[in-house]
Amino acid sequence: MTDKNRVLIFDTTLRDGEQSPGATMTHQEKLDIAEMLDDMGVDIIEAGFPIASEGDFRAVSEIAERSKQSTICGLARANLKDIDRCWEAVRHAKSPRIHTFIGTSPLHRAIPNLTQDEMAEKIHETVTHARNLCDNVQWSPMDATRTEWDYLCRVVEIAIKAGATTINIPDTVGYTAPAESADLIKRLIDTVPGADEIIFATHCHNDLGMATANALAAVAGGARQIECTVNGLGERAGNTALEEVVMALKVRHDIMPWHTGIDTTKIMNVSRKVATASGFAVQFNKAIVGKNAFAHESGIHQDGMLKNRENFEIMRPEDIGLSGTSLPLGKHSGRAALRDKLQHLGFEVGDNQLKDIFVRFKELADRKKEVFDDDIIALVRVGEDAENDALKLVSMRVVCGTGGPAESTVEMEIDGKDVSATAHGDGPVDATFKAIRVLHPNSAHLELYQVHAVTAGTDAQATVSVRLEEDGNIATGQSADTDTVVASAKAYIHALNRLLVRRGKTGEDHKEISYRDLA
């Protein structure tokens, strides 16, 4: 890069983010998110792990073909088969990149049972092979922050000499601290021959809650690429959050004189899309994109806000694409008003999608006196069952009281046929889930059942999230309704449909990969 203060944003939501248990996205969701990331100015999109499954390969390939400005990257382990498959997936991008990695710490070297010399030889062989295929090669020493200093310098130098154009330093287990993060990058640049001719990147996990701080510290140390995910999605406690590092660099440019190419007004829309696709709701007090990020309830705060917004807001809601108003719509509001509201909320929808949302908006408006912004967002985020879903809810009736178990009668359409069943349970939701299991027998274990009220009041919509696990496959379903039990049934059925996808019925199966394939 000619601009030494320019920080590249490397988004790995579709790869590392999707590795969160239950966060698997459909093919179309991946394409939609990649298009949004491309449009908002993300420099590099890590679109997936091409060798992991046929579904991953197809998604990376199609994203590569569709990309307009972002570099499209695929991940590959340190073996020639992985790298060849990765190149096959990204080669049609306007700007392709191969990202290959291997664990270099003592703990991670023991997994494939390689000595330091054997691993060094493998790094030289695989990076050279990748560079012979692609001019843009990134290499990562996984668990770099727990790798011996001398050995880390040795393998980084080998990767640079083999042709790597970006060296990524991962804090794979979220172990490091900001001062260490800055010092590690600076020492590598000062010590390793050729380090000043390539780009250093940082990839931080949030196990100790320091991912954003560590990433920004690495930039201070000389890194010029931040690997991150939307909403901080990722394995365990997640990754560095894209929205946090981007807005930190924008708001505190006075002490951090670096900049990105991100259009920050598109942040909120991407955040909502990722939350919907992954099934991972954003916590209310999440920095930048949380529901309470721009809310002020304290009397002192409200008084200060009325006098001058800068008293308690260091950035404007509009900076991340949030509307400054929350005026409600009603049952007499028309399609034009709904489209205008959607645009104010940061959603650009096509005519067909608007038609679908409008139908559900009218149904909701008949049940609620006022439909607020959060209600509209829930309508967009949680659509009706897809037309090609094998399982669909037709109707249900629940009877419950204090004198005995609840009873639920559920009618479903399964593979085009209407069936019904009645079951009893410890409460209406338990009875409903049991009735659904009668109609669609399964061994899925309920790992998560979560209910959030979208707005205040007894007529508020409830957004329900359900996470199921079956034979190692994890799927999350979501739905919203003013009736919590109906929303629960729809979310459960949504998760079951996603489990069917995970079993491979639509080609989206995802097989596990391991270091045993490295040899």
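In the predicted model, V156 is in contact with W139, I167, L188, V192 and F200, when neighbours within four places in sequence are set aside. V156 belongs to the largest nonpolar core, which holds 87 residues. Within this core, the residues that touch the most other members are I123, W139, V156, I167, L188 and F200. Helix α6, spanning residues 149–162, provides the largest share of the core, with nine residues. In soluble globular proteins, nonpolar side chains tend to be buried together.

The secondary structure of the protein chain consists of 16 helices and 14 strands. The chain has a radius of gyration of 24 Å, close to the 24 Å given by the globule rule for 519 residues, so the chain is as compact as a globular protein of that length. The C-alpha trace spans about 75 × 60 × 40 Å along its principal axes. Of the contacts between residues at least 6 apart in sequence, 67% join residues at least 24 apart.

Buried residues account for 55% of the 519 residues in the chain. As for charge, the chain carries 57 positive and 78 negative side chains. The centres of the positive and negative sets lie 2 Å apart.

Definitions and conventions
Residues numbered from 1 in each chain as written. Predicted model: local features only at pLDDT ≥ 70, side-chain atom pairs only at ≥ 80, totals over all residues. Heavy atoms only, no water. Helix = DSSP H or I, 4+ residues; strand = E, 2+ residues; numbered from the N terminus. Rg over C-alpha atoms; globule rule 2.2 N^0.38 Å. Buried < 20%, exposed > 50% of the residue type's maximum accessible area, 1.4 Å probe, protein only. Contact = heavy atoms within 4.5 Å. Lys, Arg positive; Asp, Glu negative; His and termini not counted. Charge placed at Lys NZ, Arg CZ, Asp CG, Glu CD. Core = buried A, V, L, I, M, F, W, Y, C linked by side-chain atoms within 4.5 Å.
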